[in-house]
Amino acid sequence: MRGFIVGKEVTSYISKEEKNKPNPQSKISRTLYVVWDKPRRSVEGMEGFKAEAVWVPFSCDDIKVGDYCEFEYEARNTSKGSFASLVDIIVIGKADILLEASKAKA
């Protein structure tokens, strides 16, 4: 799947299991906000495009807002069922994304 990165969020946190330990280890949470070339599913009453949050299980330091990327998924089977897991993000282009209100004319 291909899409534009319109937002990026990287935060550190301490899991519930680690909170009561003497030296808790922090974890990193990575989320990219993507507008897909083609919406993955139609939404009734929706016009335009909807940004979707994509959790990233690996470092994405080289991914920037405005990157046009190919997202590669791999099917995974577990005891809880089958799901698609993000395995790679390849930057294939760039875009200038500027979202701001237009200035009213006097």
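Buried here means under 20% relative accessible area, exposed means over 50%, and partly exposed is in between, using a 1.4 Å probe and protein chains only. With that in hand, Asp-61 counts as exposed because its relative accessible area is 55%.

Some ground rules before going on. This is a predicted model, where local features need pLDDT of at least 70 and side-chain atom pairs count only at pLDDT 80 or more, while totals for chains, interfaces and linings use all residues. Residues are numbered from 1 along each chain as its sequence is written, and side-chain values use heavy atoms, with hydrogens and water left out.

**Overall layout**

The protein chain has 1 helix and 5 strands, and reading along the sequence gives the pattern β-α-β-β-β-β. Helices (H or I, at least four residues) and strands (E, at least two) are DSSP runs, numbered from the N terminus. The C-alpha trace spans about 60 × 35 × 30 Å along its principal axes. The radius of gyration of the protein chain is 18 Å, whereas a compact globule of 106 residues would come in near 13 Å. That radius is taken over C-alpha atoms, and the globule rule is 2.2 Å times the number of residues to the power 0.38. Of the 106 residues, 23% count as buried.

Contact means heavy atoms within 4.5 Å.

**How the strands pair up**

Two strands count as paired if DSSP finds at least two bridges between them.

| Strands | Bridges | Example pair |
|---|---|---|
| E1 (residues 2-14) and E2 (residues 26-36) | 11 bridges | Ile-5 and Val-34 |
| E1 and E4 (residues 67-78) | 3 bridges | Arg-2 and Glu-70 |
| E2 and E3 (residues 52-55) | 4 bridges | Thr-31 and Trp-55 |
| E4 and E5 (residues 81-94) | 12 bridges | Asp-67 and Lys-94 |

E4 and E5 are joined by a hairpin through 2 residues. As a general point, the side chains of a regular strand alternate between the two faces of the sheet.

**Two residues in strands**

Tyr-13 is found in strand E1 and stands opposite Lys-27 in E2. The C-alpha atoms of Tyr-13 and Lys-27 are separated by 5.4 Å, although the two residues are 14 apart along the chain. Leaving aside neighbours within four places in sequence, Tyr-13 is in contact with Gln-25, Ser-26, Lys-27, Ile-28 and Ser-29. Is Tyr-13 buried, exposed or partly exposed? Tyr-13 counts as partly exposed because its relative accessibility is 39%.

Ser-85 sits in strand E5. At a relative accessible area of 15%, Ser-85 is buried. Again setting aside neighbours within four places in sequence, Ser-85 is in contact with Glu-72, Tyr-73, Glu-74 and Arg-76.

**Two residues in loops**

Back to Asp-61, which lies in the loop between E3 and E4. Asp-61 and Lys-38 are 23 residues apart in sequence, and their C-alpha atoms are 25 Å apart in space.

Pro-22 has its place in the loop between helix H1 (16-19) and E2. Pro-22 counts as exposed, so its relative accessible area of 77% goes with that label. Between Pro-22 and Asp-96 there are 74 residues of separation along the chain and 46 Å between the C-alpha atoms.

**The largest pocket**

What is the volume of the largest pocket? The answer is about 190 Å³. Pockets are found on a 1 Å grid over the protein atoms alone: a cavity is a set of points where a 1.4 Å probe fits but cannot get out, and a pocket is an open set with protein on both sides within 12 Å along at least five of seven lines. Grid points are joined across faces, edges and corners, and a volume is the space filled by probe spheres set on the points.

The largest pocket is lined by 13 residues, with Pro-39, Arg-41, Val-43, Met-46 and Lys-50 lying nearest its centre. A lining residue has an atom within 4 Å of a point. By class, the lining has 6 nonpolar, 2 polar and 5 charged residues. Ala, Val, Leu, Ile, Met, Phe, Trp, Tyr, Cys and Pro count as nonpolar, Asp, Glu, Lys and Arg as charged, and the others, Gly among them, as polar.
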